[in-house]
Amino acid sequence: MSSSELFINFLTQRGVLTSKRRAELESVIVKQQGINIVELLVRGGFVSSEDLARWEAEFFNLELCHLKNPVSETALSLLPFEIARDCGAICFSASGRFLKIALVYPDTENMAKLRAWSREKQLELEYAICSLADYEKQLNFYLVKEPVTRKSETKKDEVGEIEDKTWEQMPIDKVVAVVLREAVTQKATEILLSKEKDRVWIRFRLRENLIPVVNLPLDLFVPILNYLKGLAHLPLSIKNNFLQGEIQLQINNQAQTFDLKVLESVDKEVLSIKPRISESAHLNFDQLGFSNYTRNMIEESLTRKTGKIVVVGLGGSGKTTTLHALVNKLSGFDNHIVTVEKNIENSLPGVTRIQVKPEIGLSYERIVPEVQRWQPDCLVVDEMVGGESSAHLLHSALSGTPIMTTVEGESIVQGLKQILKLDLEIYHVSAVLNLLLAQKLVRRVCSHCAESEVVPNNISKKVLNILSAVPAEHWPRGLDYNSASLYSPRASGCSWCGHSGYSGKLALHEALLFDDRLKMELSRIQKGSELNELVERYLTINMLQDGLMKALRGLTTLDEVFSNCEEYNII
Ligand SMILES: [Zn+2]
């Protein structure tokens with residue numbers, strides 16, 4: 001019996017859980033494996049956070065500590081934030097190499113992680129129990145002080161701690177370097193500088209949320225603006241509504257490119273600086289969030305030696321990321337892959353990449369037939385554009401070169417319609433199609449504050465009705481069509497996610513693997529409505545169904561899925 005099962009027995013014996021409540025609790029645990037027992041008990045309203053901590057202290061025979069007030073900053077910062085977050089632990093007191101650690105729940109996995117860390121640091125840990133509420137309060141102090149605790153070795157550059165006088169005495173290039181280095185270290189995706197009343201505000205976009213980092217004396221705004229404009233070779237004197245450029249700086253001994261945008265209007269001046277992220281940083285196939293079903297389909301399509309794989313998505317849906325992930329996956333098979341792309345920012349190992357530059361005659365039309373003569377194992381074109389180049393692409397595919405490309409659209413049906421708009425013959429297209437993969441991004445629920453809740457009856461009926469068309473073997477583990485109630489997350493909001501309840505993105509997919517029967521039927525299609533019917537008949541899991549199953553697995557909310565898949569609701 002696991003420690004959490006024993007603990008639940010204990011709570012039942014003590015009368016904290018009635019047998020009815022216990023049965024409810026266990027049905028939730030079965031559905032959502034790996035769920036944190038304390039969060040479940042407290043957020044599910046089974047027992048209060050304070051009471052639970054008292055019962056835990058008794059059961060595990062550990063001291064109970066109350067952490068109502070902020071613990072000392074020194075003690076807090078001894079335990080790295082990542083460990084505090086992942087293990088539900090707070091260091092609340094320290095003396096020499098002896099640390100006192102308060103735990104939300106002392107399960108074996110967390111204890112093992114802490115033990116490994118303390119052994120490496122040669123520290124001795126002593127454990128106590130604290131309530132979930134107290135823990136969350138203390139964890140928030142980390143977030144406020146994150147730059148401080150994370151970078152205690154570079155004290156003089158703690159951005160939030162620097163005083164006005166120091167900023168004013170610092171050379172402007174140093175001011176910019178300090179701010180940008182902090183942004184890169186914190187993995188900010190955007191740095192915003194704006195004039196607000198009598199200060200210059202600097203905010204970082206962290207995990208999709210805008211977080212204030214520091215504010216500077218107003219006098220510094222113009223010098224910073226001019227310095228950055230100078231670096232980006234933008235005109236200093238001309239006040240334009242909107243300027244954009246690119247700057248290169250050495251950050252932490254690495255060349256880093258930033259995209260700079262300057263917006264000047266009568267009442268507002270805003271500077272946006274975005275570090276360019278290297279492509280390989282987000283190319284991991286496993287991180288794209290494919291369900292097992294979609295992943296198997298993609299893997300099968302990659303083993304086929306001919307045909308065409310098309311990724312369908314709108315701008316900003318991450319379809320290029322997915323395309324590169326597929327290329328990465330294929331390049332592992334020892335293949336010669338050639339890509340033809342508009343933007344090349346970084347190298348993909350083992351892949352030949354050619355940049356399209358129409359201004360010097362290197363157009364898609366010119367490059368594609370040329371590359372085809374090299375007989376690559378796979379030809380990747382970042383986007384299917386109209387005209388001659390798509391005809392060349394089709395010709396390459398017909399003559400046996402595997403092709404990967406993308407097309408605009410929100411669904412497989414839209415993607416197919418888009419391909420057919422390119423003046424290609426439907427029997428040619430159907431002959432070469434191998435896999436169509438459509439993708440859409442939705443917001444991922446914040447794992448720090450999401451609460452699992454019972455789905456209301458009417459919604460639950462709707463969800464089960466939509467999922468009834470999906471074969472049971474593809475359902476999330478633990479989901480039972482006849483079960484009394486479904487659970488899915490509710491977006492609550494905390495300091496981690498900027499009180500939005502969401503953090504990061506999640507891709508929803510639908511995929512169609514072509515076999516001879518489908519190719520034959522597609523080649524006989526006469527009009528659009530027949531296409532809808534055909535795709536619907538062949539699609540095992542559509543994007544709405546994929547999204548609903550991801551919501552039931554706790555990755556996003558049902559609301560987020562429904563509002564992003566409106567075109568499917570009619571099914
Ligand atoms: Zn949150």
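Two residues are taken to be in contact when heavy atoms of one lie within 4.5 Å of heavy atoms of the other. In the predicted model, L548 is in contact with V463, I466, L467, L558, V561 and F562, leaving aside its neighbours within four places in sequence. L548 belongs to the largest nonpolar core, which has 86 residues. Together with M404, L436, L467, L512 and L522, it is among the residues that touch the most other members of that core. Another core lies apart from this one and has 53 residues, including V28, I37, L139 and Y487.

The protein as a whole has 571 residues, of which 49% count as buried. It contains 22 helices and 19 strands. When contacts between residues at least 6 apart in sequence are considered, 64% of them join residues at least 24 apart.

Seven of the strands form an open sheet with mixed pairing, in the order β13-β12-β14-β15-β11-β16-β19. At its edges are β13 (351–355) and β19 (502–513), each of which pairs on one side only. From one strand to the next, the twist averages 20°. Within the sheet, β11 (residues 308–312) and β15 (residues 403–407) are paired in the parallel sense, over five bridges. In this pairing K308 stands opposite I403 of β15. Two helices pack on the sheet. Helix α12 (residues 292–303) touches β11, β15, β16 (433–445) and β19, and its direction makes about 55° with that of β19. Helix α21 (residues 543–552) touches β16 and β19, and the angle between its direction and that of β19 is about 140°.

A further open sheet consists of four strands in the order β1-β4-β3-β2, again with mixed pairing. Its edge strands are β1 (63–64) and β2, and each pairs on one side only. The pairing of β2 with β3 is antiparallel and extends over six bridges. Here A89 has L103 in β3 as its bridge partner. Helix α7 lies across β2, β3 and β4 and runs at about 150° to β4.

Helix α7 (residues 108–121) comprises 14 residues. The distance from its first C-alpha to its last is 20 Å, close to the 20 Å expected at 1.5 Å a residue. Five residues of the helix, N110, M111, L114, W117 and S118, are buried. These residues are on the same side of α7 because they cover an arc of only 130° around the axis. On the other side of the helix, T108, E109, R119 and E120 are exposed. The packing partners of the buried residues are the helices α5 (73–78) and α6 (81–87) and the strands β2 (89–95), β3 (98–103) and β4 (124–129). After α7 comes Q122, which has a positive phi, near 55°.

Methods. Residues are numbered from 1 along each chain as its sequence is written. This is a predicted model: local features need pLDDT of at least 70, side-chain atom pairs count only at pLDDT 80 or more; totals for chains, interfaces and linings use all residues. Side-chain values use heavy atoms; hydrogens and water are left out. Two strands pair if DSSP finds at least two bridges between them. Axes are lines fitted to C-alpha atoms, for helices over the stretch in contact, and angles run from 0 to 180 degrees between N-to-C directions. The expected span of a helix is 1.5 Å times one less than its number of residues. Buried means under 20% relative accessible area, exposed over 50%, partly exposed in between (1.4 Å probe, protein chains only). The arc is that of the directions from the helix axis to the C-beta atoms. A nonpolar core is a set of buried Ala, Val, Leu, Ile, Met, Phe, Trp, Tyr and Cys residues joined through side-chain atoms within 4.5 Å.
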